[in-house]
Amino acid sequence: MAIKDLPNNERPREKMERYGSQSLSEVELLAIIIGTGSKGSSAIDIAHSLINSSGLYSLSNYSYEDFKNIRGIAKINALKLEALFELYRRIHSLKMDDEKVEISSKFIIDKYQTIIQNLDQEIFGIIIVDNNNKILFEKILYKGTKHKVNVSNKDIFKELMLKNANRFYIFHNHTGEDPSPSDYDIVFTANLIKECKNFDYHLLDHIIITKHHSFSFSQNENQ
């Protein structure tokens with residue numbers, strides 16, 4: 001059903017204006033950002049489909065290109081969505097800094113187990129920290145297939161250079177329940193550690209996360 005066909009008090013914008021943003025569902029809030037739909041799909045339809053298929057946590061890591069490639073989302077609305085979630089990421093980082101959260105492998109596992117639980121593809125992320133182990137920057141660098149994500153050391157080092165930092169964690173998920181590193185994971189991690197020495201970078205941990213389990217390279221150094 002098109003939004004214009006809804007009663008005035010059920011349309012997201014009018015509902016928000018009258019009752020405030022807290023009265024809206026996640027679908028309605030996202031529909032306001034999406035703005036307009038496409039032929040046969042309203043903004044609410046698109047928002048509902050996105051949240052059901054990906055979940056809000058996963059959407060927060062979508063890029064402009066990801067949003068633009070979704071049927072029914074215009075380029076301008078794809079830009080708005082990426083801007084919205086970029087603001088969310090920055091506010092989230094500031095909030096954690098204000099709370100003086102000290103990052104650890106356990107902190108990362110606890111946080112991202114919630115985020116990855118509905119994903120059907122592997123993702124790879126980086127968390128850059130200062131000398132006090134407080135977050136400077138975090139980002140999902142790659143999205144892969146159900147069983148693999150290709151990673152470039154150059155892109156990892158680029159983020160470190162941009163932040164003028166040298167300490168970092170990396171993590172990725174396995175879509176199954178086995179967090180054991182693959183041969184690729186082991187070789188990749190060993191090569192990354194070796195190359196980091198050339199730039200005085202320090203990989204604090206590589207963490208593999210599943211919905212209920214995890215693996216830490218730093219706690220299994222014999223791998």
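In helix α3 (residues 43–53), the buried residues are A43, I46, A47, L50 and I51; buried means under 20% relative accessible area, exposed over 50%, and partly exposed in between, with a 1.4 Å probe and protein chains only. Looking down the axis of α3, these buried residues fall within an arc of 125°, so they line one face of the helix. Why can that happen? An α-helix has 3.6 residues a turn, so residues three or four places apart point the same way. The face of α3 turned away from the buried side carries the exposed residues N52 and S53.

A word on what you are looking at: this is a predicted model, where local features need pLDDT of at least 70 and side-chain atom pairs count only at pLDDT 80 or more, while totals for chains, interfaces and linings use all residues. Residues are numbered from 1 along each chain, and side-chain values use heavy atoms, without hydrogens and water.

Now find helix α8 (residues 153–162). Its buried residues are N153, I156, F157, E159 and L160. They fall within an arc of 155° seen down the axis of α8, so they too line one face of the helix. Among the elements covering them are β1 (123–129), β2 (135–143), β3 (167–173) and α9. On the face turned away from that buried side, α8 carries the exposed K154, M161 and L162.

Finally, follow α8 to helix α9 (residues 183–196): their axes come within 11 Å and cross at roughly 45°. The contact (heavy atoms within 4.5 Å) is made by N153, I156 and F157 of α8 and F188, N191, L192, E195 and C196 of α9.

Conventions. Axes are lines fitted to C-alpha atoms, for helices over the stretch in contact, and angles run from 0 to 180 degrees between N-to-C directions. Helices (H or I, at least four residues) and strands (E, at least two) are DSSP runs, numbered from the N terminus. The arc is that of the directions from the helix axis to the C-beta atoms.
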